[in-house]
Amino acid sequence: MKDAILFLEDGKIFRGTSLNTYGETAGEVVFNTALSGYQEVLTDPSYAGQIVVMTYPLIGNYGINAEDLESDKIHVKGFVVKEFCRTHSNYRATQSLIQYLDEHKIIGIEGVDTRALTRHLRLSGAMKGLISTTDFDPVSLKAKLAKVPSMEGADWVKEVAPKEPYVVAAVGPRKYKVVVVDCGIKRNILREMALLGIECHVVPPSMSAEDILARKADGLFLSSGPGDPAAVTYVIETVRRLIGKLPIFGICLGNQMIGLALGGRTYKLKFGHHGINHPVKDLESGRISITSQNHGFCVDINSLDKNEVEVIHVNLNDKSVEGLRHKKHPLFSIQYHPEACPGPNDAKYLFGKFTDMMDQHKK
Amino acid sequence: MPKRTDIKKILLIGSGPIVIGQACEFDYSGTQACKALREEGYEIVLVNSNPATIMTDPETADKTYIEPLSVEFLELIIEKERPDAILPTLGGQTGLNLAVELWEKGVLEKYKVEMLGAKYEVIKKAEDRKKFKQACLSIGLDLPKSSFAYTLKEAHESVKEIGFPCIIRSSFTLGGTGGSIVYSQDEFEAKAKLGIESSMISEILIEESIEGWKEYELEVMRDKKDNVVIVCSIENLDAMGVHTGDSITVAPAQTLTDREYQRMRDQSLALIREIGVETGGSNIQFAVHPKTGRMVVIEMNPRVSRSSALASKATGFPIAKFAAKLAVGYTLDEIQNDITRETPASFEPTIDYCVIKIPRFTFEKFPEAKDVLGVQMKSVGETMAIGRTFKEALQKGLRGLEIHHIGFDNKMDYRIVDDAKMMHRLREPNASRIFYMKYALQKGLGVEKVSEITRVDIWFVAQLQQLVDFEREIIAEFENTKMLSAKTIRKAKEWGFSDAQLAEIMGSGETEMRKLRKDMGIVATFKVVDTCAAEFEAYTPYFYSTYETEDEAILQNEKISRSKKGPRKKIMILGGGPNRIGQGIEFDYCCCHAAFALKERGFETIMVNSNPETVSTDYDTSDRLYFEPLTFEDVMNIMDVEKPDGVIVQFGGQTPLNLARRLQQAGVPIIGTSVDSIDVAENRERFSELLNKLKIAQPANATAITVEDAIVAASHVGYPVLVRPSYVLGGRAMRIVYDEETILTFIDEVADVSRGHPILIDKFIEDAMEVDVDAICDGREVFVAGIMEHIENAGIHSGDSACVLPPHTLSEEILTEIKDSTKRIALALNVIGLLNIQFAIKGDKVFVLEVNPRASRTVPFVSKAIGVPLAKMAARIMAGEKLADFPKLPDIDRLKQVAVKECVLPFSRFSGVDIILGPEMKSTGEVMGLAPTFGAAFAKSQVAANQALPKKGSVFISVHENDKRHIAFMAKRLQDLGFKIYATKGTAKVLRSSGVATVIVDKTGEGEHNILTLLEKNEINLIINTPSGKKSQSDMRRIRSASIRQAIPCITTLQGAWAAVHGIEASLKEGFTVESLQSYYSRS
């Protein structure tokens, strides 16, 4: 345990103590309000490039287990909490959170007034920050932080995406074949699709539209992932060329890239949506789902042609766009995480909507 | 979906008197519902028999009926008011059961009253265990193995399959009455029988025991459009086997992975849909096997509950208020979250702190009962604490419990704790187990072993171990350096150690410790409870303390100072902490009234309390709410931040009064009656001096510090004497003693409770009548608001005796003397605010028994009886107004109505406890009977207290030698009213000689005319039994406990018997009518 500092871009300082990994780490500092699900958060590739602050103060209570990993590694740059649990309890746990962070050499700090930090981020917006256990000099920290690239304009997809294609088999007989563009996918998205009889042909984001079409799939899925969607120009271009050619469904970053491919704009939210309690209204059914969210960017609906695209889901907290649909082509996308993990399963039905869309397209 | 316009008038049923398992949380929920529905323009008819509630304030509803909660009375009210709908889900189990009964008896259909929130079938499906089981199975939910039985034979067959240990639960009861764990065949029959008898429908469920599993609860809300949200998850520290109401519980759930939590959430959603709760809140309990993770559903309440009150306070999400709005047609997304103002209610609160609830027990009041916990609830109150960590919240909670613990402390040195006793206390759940866990950890038993023995999850035990280890480090540091470093003190404060705990280690005082840490810059900071973990701005100032870097209370105050209006004068009200016998809802009522009145007068009101069940801890009640323990340290921390212009200590019962002197010494501006005057009333010598000066009589008395002095003093005063400690409420450890031999048996307990304060010894005046007076004084004038004549003679605690207002047997002369003495005492003490005096009247002599210059338990009762909000007036007077500033007050000698207060006793919860009343208060709650005559008011009060007097049948009479002469006349009256009289030999002889035809029965033994057999056969409808000499005590005790089992009214005083005869006569001859408070007041 060493003294640690979290130095923010605007000069604000928060102090705490580190776990057993020392040194420095930098990234965009965001807060997550989920009470449970730290394991899924740590391993969600969408958090690449970010330092995550958990607003719930007691983290690590149920340890780490083998089943709830959303990818094969920790993607967060740093982890900030009020108190790490020393003795966890859960029948599935195989190790403690502290061991897990240590193993992956992730700097975790505790003893931080995370509520003050959260309030600061809410009022001033998400910003870059640097955790250090070695350097406590604001001038030098500021200089170091200046060199860290901003989240806006950053392509983090290439850091987390696979280099080679792979296939995830359907559970039971294969009913659909879907090309999945993996920009940093969460395992549960693949699990949910597999359960519906979808065979997922997961491909790197660099794959061209022609190569995708050549796979003769029933549909195309665009995954969630980290960073600024506008920077992932290669996927946006691919999507643009595929619209109307096969049914498309996108989640999170996928939704943003679709918005951009349709000619729209995306903008950065002040401090993003990171939590599992956001109410979203499905405008078709009028039903409200409590949803799992993790995004810092959002599609600007006014930038899209209303004759072609309509909003199908809206966030009831800030009225931001949570889902789009093309009026003519088989295409819809969702800004939040219907695959949950962590979070409520209220929106799982959307995977069924994807298969419905593919069924209709087949006719 | 907009609100419904086809309904205009809605009937709301409250939950009646405070009993174990049903406390003021339903006043909180019902009051919220009334406010929410009136806001929407509905006309509200409210019924509740409990006068000490905010919901029965005439301003809360349009029509307020303080009437018994029975089908008979509700039908009268429905007939008169013709409501369009009834909202049954906000009045606890009582309200729900009544709605069910009204439906079943066809009353709702007859008057075309619609059930809102939950329909009859839904309630049945959730409450009827068989239907509930089917519903769960139909949607694939797992349950413990179980089977129903209606007879003993069926019960024996079922248990063969289920095996031992098993649990017996009876259907349709509250708080788990009639439930028990059975370990072997030997005890099975008796427990099964009790279960069948406690059930309204003679049904029991025999269930696989899941004792030792982890217990969870989810609070669920659903709207008409089928949107469902989870408000809060709760994890119990005590494993399955201890009633949730008796468990230490924590929010949110701590040891569930997200996957498990979501599975529980999914099941809750599926269940509320399957059961069909249309709108509103429900709670669903689950058990999880600690090793396999198997999850089973335990039960569901299709209504707001104690847990939903806790969940509301823990998250800031007002469940009852929203439930009411949903019931009239709104959907969750149409309701705004008041705290954030910009987000809708259709979300799931998230919190950034840890909440702990600790139950408060009162086993000391029932020495014959074991303090063992099981599936039947026994706690009488609870405290909630909020901290940034579990460790902090736990320590705050333990000191907030007000049982003389200053945290997770060392009341005993672990080295002297006997190992065998400790193991026993660990294994068998009990009220002080948490402290035995500490001793065990201090002795080095280890986390795993302690968890294994107690079945408390290892996560919790490990947290306790951290506290134990750190405390050891603090002690070592102090031993080595003779000082504590700022770093250590800061960490200790972050982990919830109180100044008193640290002072104990340093061998210094709490005040010095406080100064030391403040000099080091270690000060409490306040954070906001905002439903959203700071994701949105919060507008509702609801705070808790912790030790962090940023203080949001200061930030808010700065904002107010900068605003155009600027700051207002601030008044802080100290609440009463957890409910206990002797200090409960009545005091919370007064605190709320103080807040309401002062808010109206333009003050900024600040409430401090730690009781989650109350209206005072609703963030709507005051301008600023501090959810904090009521200790010197915690109050002073708030003082530092708020710097109020005045602090009220008069309204929260003994809790704030006990702090008054120290607060004043620390410079706190206490308003109202001075601390010195409070001391004159409490200090025996100063008090006697005052009465002598005023030439007002009091019984001979003395004080003593030591046990030896006490015995000498008692013989000086002359037996019988009343012995009690000073500075306590509710007659704690108070006894009437007839000889020296008896005094020796319990004087140590009195000395212990007195905690260094003098032991008070008064001459006990036998056969005297007792009178309670509540008055208000502004220093110049006195308003005598209520004179209450007790039904029972002096010697029975005023909280346990029935009383009538206006007095009905006192002469003009005596009344004048009482008023005169009250005025002179009030002025002599320079009372500013409320004053309560107890008088004893023997013949034509009036004695002052005690003076309490504070709000009393009877303030709400008197306020409702005379139609004047006394606590509001008192608060305004304390803030500087005069009696002359108020509109003309009613002439209390010319009231049009008679009000009777009756108490409700918890004896059915404590098996083996005798039901005889004495100077130590034992009742948990009270009801009010309001009628034009004494007889009818008394009869109503008995119905309301669930001991309705019979209108026909048989009366069993067995009285003390001295009472025999008086009883004959009553027996005659009863006979004339058509009752058959049974009596024991001695009593029968007297009765027969007075011309009362009497059947003689044996007290014990076999045979047909054995009273116990008659009771079992339900052939007796009323028992009049005044306790007699020690010899026959045990026989009578069996009779009295049988009366509790059979729910037969049992009267143990002669005066009570008199009142009963009046009541029976009135109900037979006059019949009952109902009238709203608004209507009563408009006539008087």
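Colleagues, some conventions to begin. Residues are numbered from 1 along each chain as its sequence is written, while chains are lettered from A and ligands numbered from 1 in the order of writing. As the model is predicted, local features need pLDDT of at least 70 and side-chain atom pairs count only at pLDDT 80 or more, whereas totals for chains, interfaces and linings use all residues.

On confidence, the model scores ipTM 0.98 and pTM 0.95. Chain B has an average pLDDT of 93, with 98% of its residues scoring at least 70; pLDDT is the predictor's confidence in each residue, from 0 to 100.

I turn to chain A. Its domain assignment, automatic or from a database, gives domain 1 (3-146) and domain 2 (157-362). Their C-alpha centres lie 28 Å apart. The contact between them takes 23 residues from domain 1 and 24 residues from domain 2, where contact requires C-beta atoms, placed from the backbone, within 7 Å. On the domain 1 side, strand E3 (24-32), helix H1 (38-43) and helix H3 (114-124) each supply at least two residues, and E3(A) gives the most, with 3 residues. Helices (H or I, at least four residues) and strands (E, at least two) are DSSP runs, numbered from the N terminus.

Finally, the chains. Their contact takes 45 residues from chain B and 43 residues from chain A. On the chain B side, helix H9 (258-275) and helix H16 (458-481) are the elements giving two or more residues; H9(B) gives the most, with 6 residues.

How values were computed: Contact = placed C-beta atoms within 7 Å.
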